[in-house]
Amino acid sequence: MTRITAQPGIMDIALYQGGQSHLAGVTDVLKLSSNENPLGAPPSAVEALGAAASGLHLYPSTDHAALRSAIAQTWGLEADRLICGVGSDEVLQFVTQAFAGPGDEIIYTEHGFSMYPILANMAGATRVCVAEHERVVDVDAILEAITDRTRIVLLANPANPTGTLLPMEELERLADGLPDYVILVIDGAYVEFAVGYDGGISLARDRDNVLVTRTFSKIYGLGGLRIGWGYGPQAMIDVMTRIRQPFNLSVVQLAAAEAAVRDTAWVEKCVALNVEQRARLTGALRQLGLACDESHANFVLARAETVEEADAAEAALNADGILIRRVAGYGFPEGLRITVGDAEQTGRVIAALTRWREGAAA
Ligand SMILES: *Cc1c(COP(=O)(O)O)cnc(C)c1O
């Protein structure tokens with residue numbers, strides 16, 4: 001047994017910590033800890049999923065042609081430059097596994113998504129974490145960190161957990177400044193919530209080294225189903241497809257995703273709700289003395305002045321059955337990441353925090 005050892009990097013992986021979903025003794029829990037859609041899954045996708053049940057004895061499509069075609073039509077993309085995965089996490093795994101290995105470096109940023117260091121270790125590559133500037137990705141710091149061993153730069157835009165958005169000019173400056181042997185991955189999990197931003201698709205379209213990823217987990221409310229996709233240069237997609245399992249997506253995943261991506265009315269409705277409640281929540285948090293940057297995603301990162309103050313705010317929310325995400329692991333021990341809910345849920349958050357401030361003042 002002792003001669004059985006894991007590949008380099010694997011034992012350095014700290015297991016991913018998801019958002020909390022239970023509170024002892026509370027039945028009416030409001031889960032605002034995992035950036036899930038307050039409206040649930042689109043009825044169109046649920047219906048398609050049910051209809052797909054008659055074909056459960058048949059293997060799913062290996063090339064995902066119907067889903068890729070639906071994505072291509074909806075977003076105006078070339079279907080042969082798309083790859084679909086079990087969540088966008090799997091697409092990120094394809095790119096890190098296919099293009100980086102022992103001795104290679106993968107760059108991510110100070111407050112970057114916690115899957116990035118995990119993915120680097122899974123590939124056996126070296127993690128390089130670069131500082132941000134005021135909670136925003138710092139293009140110059142990334143460019144300075146590039147070496148001849150750098151293979152991949154991973155960043156989410158809008159970012160999680162900060163919710164900040166790197167402007168298109170900056171993203172373009174980064175893409176232009178990278179050596180041609182470095183892949184820029186723009187993780188677009190929250191793209192739909194950033195009004196007027198194309199998620200970097202225009203950058204990926206005419207460059208050989210840019211990949212964008214998308215997910216059905218956030219705006220489409222299908223986090224439990226696990227579907228995501230990537231769009232990149234043909235040559236990169238060809239490489240990644242070779243390490244994709246032929247049946248990685250089930251018939252129900254494919255059917256639901258295809259219906260969801262065509263349901264543009266659903267996206268519009270969810271975006272409108274989010275934009276409205278996000279502004280309301282941000283304004284209320286600031287009024288209550290909790291700092292927050294403008295968010296371009298479906299959550300807001302509130303920053304207390306001290307860890308103790310954050311603990312007290314979280315306790316007040318928990319006492320009212322509300323779960324949020326503490327983000328100490330992301331470099332914000334005094335931070336509370338709160339998913340933007342519907343009007344009633346946002347009202348519940350604001351009321352709980354208002355009572356907490358009033359109680360502390362009394
Ligand atoms: C939620 C999230 C994802 C999506 O992961 P899936 O595997 O598609 O569910 C990807 N990147 C970031 C930054 C996220 O927050």
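**The ligand site and a buried arginine**

Biologist: In this predicted model, how far is an oxygen atom of the ligand from an N or O atom in the side chain of Tyr190?

Modeller: Tyr190 is among the residues that come nearest to the ligand, together with Asp187, Thr215, Ser217 and Lys218. A polar contact requires a pair of N or O atoms within 3.5 Å, and the pair formed by the side chain of Tyr190 and a ligand oxygen lies at 2.6 Å.

Biologist: Which helix gives the most residues to the shell around the ligand?

Modeller: The ligand takes up the space of the largest pocket, and the shell around the ligand divides into four nonpolar, five polar and four charged residues. Three residues of that shell come from the helix that gives the most, spanning residues 87–99, which is α3.

Biologist: Is Arg135 buried or exposed?

Modeller: Arg135 is found in the loop between β4 (126–130) and α5 (139–145), and its side chain is joined to that of Asp293 by a polar contact of 2.5 Å. Because the relative accessibility of Arg135 is 17% and the limit for this class is under 20%, Arg135 counts as buried.

Note on methods: Residues numbered from 1 in each chain as written. Predicted model: local features only at pLDDT ≥ 70, side-chain atom pairs only at ≥ 80, totals over all residues. Heavy atoms only, no water. Near = heavy atom within 4 Å. Polar contact = N/O pair within 3.5 Å; in protein donor to acceptor, adjacent residues only side chain to side chain. 1 Å grid on protein atoms, 1.4 Å probe; cavity = no way out; pocket = protein on both sides within 12 Å on 5 of 7 lines; lining within 4 Å. Sits in = over half its atoms within 2 Å of the grid points. Helix = DSSP H or I, 4+ residues; strand = E, 2+ residues; numbered from the N terminus. Nonpolar A, V, L, I, M, F, W, Y, C, P; charged D, E, K, R; others polar. Buried < 20%, exposed > 50% of the residue type's maximum accessible area, 1.4 Å probe, protein only.
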